[in-house]
Amino acid sequence: MLNNSLLKGTLNTLILKLLADNGQMYGYEIIQRIKESSDDALLITEGALYPALHRLEQQGLLNIDLRTVSGRQRKYYALSAKGKLRSGESLMELAQFLGAIHNIIKPKTS
Amino acid sequence: MSPERITAIRRYLRINGVKYYDVQAELIDHFATAVENAERENPEISFKEALIKAHRSFGGKEGFRKYIEAAESRVLKKIWQLVCGVLLQFLKWPYFFFTVCAGLFWYYIVGTTPFYLEMYGAGVLILLIATVYNTWKLRDCNFFLAKRSGNAMGWILYLLFYIPGQPFLFGNSHPAVWYQTALFTLLSLLFIASLKLTTLVKQETKSLYPEVA
């Protein structure tokens with residue numbers, strides 16, 4: 001498992017990317033998907049995920065759909081139009097950031 | 001999942017500090033899904049063990065604290081949105097007509113009545129009584145949004161108590177009369193907003209949680 005502090009700044013981008021790829025998802029599903037896709041390297045606690053989801057919702061980046069599933073209410077999150085735009089921008093920023101980090105860690109030898 | 005198990009999860013959350021229905025709603029689904037998954041992975045596991053496992057993965061008490069804090073800021077933002085929405089209505093037709101009438105009424109009272117501060121005090125007292133009554137009505141309410149809407153009116157009252165202590169309000173100078181008129185008008189609008197807030201919170205709750213509202 002990787003150091004969780006590395007994940008903090010990228011959590012919003014990961015959420016936006018997952019929703020862009022999968023359409024609608026609920027909280028538990030997002031956690032499991034991140035865990036599976038990273039081969040258990042990234043473990044997000046629910047205490048971090050839900051506040052992040054709610055912040056994105058407040059910023060108008062996510063739309064909510066409430067459905068009754070197996071006797072309980074389930075909250076599905078999906079990207080809003082604003083969220084779709086932000087998702088692309090956010091991924092580009094992350095790619096630039098990772099490129100810059102990579103250049104520092106493994107500098108090109110001239 | 002059976003209703004008994006969902007009730008058990010709700011009780012577990014309440015014992016661990018997640019008291020309100022609107023804060024519990026998403027957690028109940030999360031815990032129920034986690035329990036179902038744990039039982040699928042290990043059929044020998046008991047319901048209680050699966051629940052504790054889900055709680056641990058949530059980050060224990062710290063996880064709940066973070067979740068509740070986030071819910072609180074979300075709810076407060078929603079309340080201020082509702083209050084501001086009502087106040088903004090007073091700048092639009094036809095409510096704007098009421099704002100103008102209230103302004104003219106208070107301008108007349110401030111200019112002609114020597115007891116305007118007593119009248120202001122009476123206005124604040126009425127608002128205070130309305131807020132206390134609102135809070136009392138909501139004493140058994142199981143919704144965080146509704147509970148916090150009472151607190152929002154408390155903050156408005158604090159401002160109304162605080163502002164009259166400011167020197168710019170005293171004296172008979174022309175600006176002071178305008179300040180007093182603006183303040184009394186705002187008080188009238190806030191009073192109506194406080195009355196409407198309860199209805200708006202009820203509507204909001206009903207639309208989100210029709211099964212219990």
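User: What makes the space of about 620 Å³ the largest pocket, and what is meant by its volume?

Analyst: The largest pocket has a volume of about 620 Å³, the volume being the space filled by probe spheres set on grid points joined across faces, edges and corners. It is called a pocket because, on a 1 Å grid over the protein atoms alone, its points form an open set with protein on both sides within 12 Å along at least five of seven lines, whereas in a cavity a 1.4 Å probe fits but cannot get out. This is a predicted model, in which local features need pLDDT of at least 70, side-chain atom pairs count only at pLDDT 80 or more, and totals for chains, interfaces and linings use all residues. Residues are numbered from 1 along each chain as its sequence is written, chains are lettered from A and ligands numbered from 1 in the order written, and side-chain values use heavy atoms, without hydrogens and water.

User: What lines the second largest cavity?

Analyst: Y26(A), G27(A), Y50(A) and K75(A) line this cavity together with E26(B), D29(B) and H30(B), and its volume is about 30 Å³. The largest share of its lining, 3 residues, comes from α2(B), a helix being a DSSP run (H or I, at least four residues), numbered from the N terminus.

Terms used:
On a 1 Å grid over the protein atoms alone, a cavity is a set of points where a 1.4 Å probe fits but cannot get out, and a pocket is an open set with protein on both sides within 12 Å along at least five of seven lines; lining residues have an atom within 4 Å of a point. Helices (H or I, at least four residues) and strands (E, at least two) are DSSP runs, numbered from the N terminus.
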